[in-house]
Amino acid sequence: MALITYREALRQALTEEMERDPNVFLLGEEIGRYQGTFRVTEGLLQRFGGMRVVDTPISESGIAGMAIGAAMIGLRPVAEFMTFSFALIAIDQIVNHAAKILYMFGGQIRVPLVFRGPAGGGAQLSAQHSHSLESWYAHIPGLKVVTPATPADAKGMLKTAIRDDNPVIFMEHAKLYSTRGEVPDGEYTIPFGSADVKRKGQDVTIITYSQPVLMALHAADKLAETEGIECEVIDLRSLQPLDMDTILASVRKTHRAVVVHEDHRNAGFGAEIAARIQEFAFDDLDAPVLRVAGADVPIPYARNLERAAFPSEEDIIRAVKRVLV
Amino acid sequence: MAQVIMPKMGDGMTEGTILRWLKKEGDTVEIGDIIAEVETDKASVELPAEASGKLANILAKEGDTVPVGTVIAEILGEGEQPQVTTPAEPAVAAEEPAAPRGEIAVSEPEVSPTEAPARERVKASPLARRIAEEAGIDLAMVRGTGPGGRIVERDVQQFIAARQAAPRVPVAEPSPAVSPPEAAALTGGEPLSRMRRLIAERTTLTKQTVPHFYVTMDIDMTEVMALRERLNAALPEDAPKISVNDLVTKACALALARYPQVNALYQNDRVYPSSEVHIGIMVAVPGGLLAPVLRHCERKTLRQIAAETRQLVEKARSGRLASDEYTGATFSISNLGMYGVDEFIAIINPPAVAILAVGAVQKQPVALDDDTVAVRPRMKVTLSADHRALDGAVAAEFLRELKRILENPYTMIE
């Protein structure tokens with residue numbers, strides 16, 4: 001096992017898949033000569049050349065459209081959005097084309113592509129550059145939505161995404177790129193729809209994904225040390241497909257659940273999880289399912305306000321204690 | 001906006017009853033204004049406003065009993081709107097709940113004339129409901145400790161555990177000749193008041209779990225009655241007179257200081273003898289009794305004991321005892337002498353290990369040492385003691401000491 005960063009893990013996945021399959025290519029803004037805004041694609045232009053690492057104009061709908069077209073004729077594009085906040089310009093391409101073509105053409109044409117890049121905020125990028133919006137994509141039939149939190153998961157799932165014959169929304173997080181973690185040696189992939197129990201516990205189930213997984217693990221350690229409360233932390237890893245079996249098995253054990261995400265609370269993905277828990281595990285609940293989520297406000301620029309708008313470790317601890325009252 | 005909640009006024013308090021709202025919705029209140037009177041297990045207490053503003057959204061009606069922490073009203077600041085929309089769910093509703101929600105079809109025949117009246121919906125978590133159903137438990141019997149009084153898993157588990165732990169009292173087979181009165185024949189019974197309910201629970205538990213034994217002593221009161229007369233004659237007109245009870249209290253304080261085993265607490269298989277003497281004085285009040293505690297009797301003079309006892313009794317009778325004024329007794333005295341009771345036995349007040357039952361001072365013929373018979377004032381006291389902590393010999397020694405003090409009362413005013 002090698003200890004590497006989330007960024008390096010992604011780069012390893014891209015490199016290995018590009019070496020394995022000549023149809024895999026990358027496109028995006030400043031991914032080549034500039035080496036990528038978050039340095040994920042560093043060195044890849046030099047290694048694979050301009051035909052496979054394509055710097056595009058600043059046009060997200062152009063990037064998405066080009067990727068879709070390439071995928072339709074058999075290539076396997078991995079398109080980078082500098083951030084998923086910019087993908088809003090490409091939303092018609094993603095929702096009306098990438099997600100629909102398989103259905104519109106009666107299953108004859110596949111769209112094997114990956115849209116990847118950082119989602120979320122927390123780095124004072126202000127209201128227009130701090131979106132999460134995974135619930136938007138999870139809402140659209142035909143899209144897979146992946147949100148890994150650790151280097152190992154990021155690598156294994158990016159490889160799975162590249163090999164998938166359908167469009168995959170692969171959401172990274174700017175605050176995760178420099179985090180380190182152990183990554184298995186050699187070839188491996190991680191299937192979608194398999195949540196990972198990152199911490200075992202019997203008192204409360206915390207369900208989360210992406211960057212808040214780390215926050216939840218810290219909060220769980222604190223609760224165990226100071227209060228003797230043992231939380232089970234479930235990292236969903238992919239929202240679509242969603243591994244309800246793991247969630248339900250945990251809730252049937254703990255009888256209490258808290259869902260944590262950075263995205264706004266209102267109509268966020270936590271609502272979907274809470275709804276399914278009460279639908280399928282109603283008689284196992286001893287308390288309402290609580291959500292810890294971003295405030296329902298445009299994300300502020302000011303550091304203190306931005307902090308207040310995103311969920312914190314303390315928020316998670318409070319919610320856990322509330323379901324234990 | 002400030003919420004008015006049912007306050008916790010003492011360790012054992014889990015719920016309280018609204019006796020009276022002193023302010024109405026819409027009234028302007030200032031911090032500290034008394035807005036309601038609340039009855040706890042032991043006393044009625046005034047509830048002061050903790051914020052200034054307009055009283056709104058009174059959720060607990062007069063007579064409602066709600067769990068501690070329940071929002072019972074709100075105090076709104078300028079321009080604020082009421083927030084809480086659900087009424088406080090009374091643990092014990094003041095009135096029988098009305099007919100079930102929704103119309104019942106007129107043509108529908110009644111299932112059974114003895115069917116229980118419709119109840120308020122019981123708030124319980126889904127898990128608690130499932131466990132209760134599996135265990136055959138009626139959730140209406142379970143007290144909820146979750147948010148807003150919700151019954152949660154632990155409440156049902158505790159209920160099940162308590163049910164299993166309840167002692168199986170062997171019930172004598174009813175003789176066929178004397179059949180017990182039919183339960184159904186009893187009508188119009190009165191529900192227990194909160195105080196009666198608490199007395200019922202405590203005394204039942206105490207009698208079932210504390211092994212009582214009793215030792216009685218007959219005391220010659222000639223000297224102590226003479227002392228009392230002289231002391232009271234010397235007191236100013238308006239000073240509180242010293243009663244027989246005060247003398248017994250003082251004598252007990254002295255005897256307890258010498259026998260700390262009797263002045264002890266028993267808890268979790270441990271005995272804690274105390275050098276501080278806090279004596280609970282049983283006081284009859286309408287509908288029950290209270291035991292205000294006279295603290296540090298070991299350092300109080302007879303006149304202090306008399307004055308403070310009088311104050312505490314007055315407070316108890318007017319329902320104004322603070323919670324720390326009726327807790328923490330290390331010993332208790334129950335005196336029914338004023339009713340002419342010859343002697344009786346009292347139930348211990350745990351965690352203390354003993355209580356003294358005091359009868360009337362009555363003239364009795366007594367055989368004196370020279371074999372003549374004289375008439376003397378006598379008083380019988382009976383000590384109830386917890387056999388887990390005390391044995392008969394210690395109880396007897398304590399009573400002998402008490403007798404010695406009362407028969408040589410000048411030691412009390414040294």
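This is a predicted model: local features need pLDDT of at least 70, side-chain atom pairs count only at pLDDT 80 or more; totals for chains, interfaces and linings use all residues.

**Where the chains meet**

Student: Ok, helices next. How do α8(A) and α12(A) cross?

Tutor: The axes of helix α8 (residues 212-227) of chain A and helix α12 (residues 313-324) of chain A come within 9 Å and cross at roughly 55°. That angle makes α8(A) oblique to α12(A), because angles under 35 degrees count as roughly parallel, over 145 as roughly antiparallel, 65 to 115 as roughly perpendicular and the rest as oblique. Axes are lines fitted to C-alpha atoms, for helices over the stretch in contact, and angles run from 0 to 180 degrees between N-to-C directions; helices (H or I, at least four residues) and strands (E, at least two) are DSSP runs, numbered from the N terminus.

Student: And which residues make that contact?

Tutor: From α8(A) come Met215(A), Ala216(A), His218(A), Ala219(A), Lys222(A) and Leu223(A), and from α12(A) come Glu313(A), Ile316(A), Ile317(A) and Val320(A). By class, the contact of α8(A) with α12(A) has 7 nonpolar, 1 polar and 2 charged residues.

Student: What about α3(A) and α4(A), at what angle do they cross?

Tutor: Helix α3 (residues 60-72) and helix α4 (residues 91-98), both of chain A, have axes that come within 8 Å and cross at roughly 25°, and α3(A) and α4(A) are therefore roughly parallel to each other. In this pair, Ser61(A), Ala64(A), Gly65(A) and Ile68(A) of α3(A) meet Gln93(A), Ile94(A), His97(A) and Ala98(A) of α4(A). The residues of that contact divide into 4 nonpolar, 4 polar and no charged.

Student: Switching to strands: how many residues of β13(A) are buried?

Tutor: Strand β13 (residues 257-264) of chain A is mostly covered, with 8 of its 8 residues buried; a residue is buried if 20 or more other C-beta atoms lie within 10 Å of its own, exposed if 12 or fewer, and partly exposed in between, with C-beta atoms placed from the backbone. β13(A) pairs in the parallel sense with strand β10 (residues 204-208) of chain A over 4 bridges, and two strands pair if DSSP finds at least two bridges between them. With strand β14 (residues 290-294) of chain A, β13(A) also pairs in the parallel sense over 4 bridges. Ile207(A) stands opposite Val259(A), while Val260(A) stands opposite Val292(A).

Student: What is the strand order in the 4-stranded sheet of chain B?

Tutor: That open sheet has the order β1-β8-β6-β3 in chain B, with antiparallel pairing. β1 (2-5) and β3 (28-29) of chain B stand at the edges, each with a single partner strand, so one side of each is left without a neighbour in the sheet. Strands β6 (residues 53-56) and β8 (residues 71-76) of chain B pair over 3 bridges in the antiparallel sense, and Lys54(B) stands opposite Leu76(B).

Student: Is Gly16(B) buried or exposed?

Tutor: Gly16(B), which is in strand β2 (residues 15-21) of chain B, is buried, because 28 other C-beta atoms lie within 10 Å. Leaving aside neighbours within four places in sequence, Gly16(B) has contacts that include Met6(B), Val38(B) and Thr65(B). The C-alpha atoms of Gly16(B) and Met6(B) are separated by 6.8 Å, although these residues are 10 residues apart along the chain.

Student: And where does Glu42(A) lie?

Tutor: Glu42(A) lies in the loop between β2 (24-28) and α2 (44-48) of chain A, and with 16 C-beta neighbours inside 10 Å, Glu42(A) counts as partly exposed.

Terms used. Residues are numbered from 1 along each chain as its sequence is written. Chains are lettered from A and ligands numbered from 1 in the order in which they are written. Two residues are in contact if their C-beta atoms, placed from the backbone, lie within 7 Å. Ala, Val, Leu, Ile, Met, Phe, Trp, Tyr, Cys and Pro count as nonpolar, Asp, Glu, Lys and Arg as charged, and the others, Gly among them, as polar.
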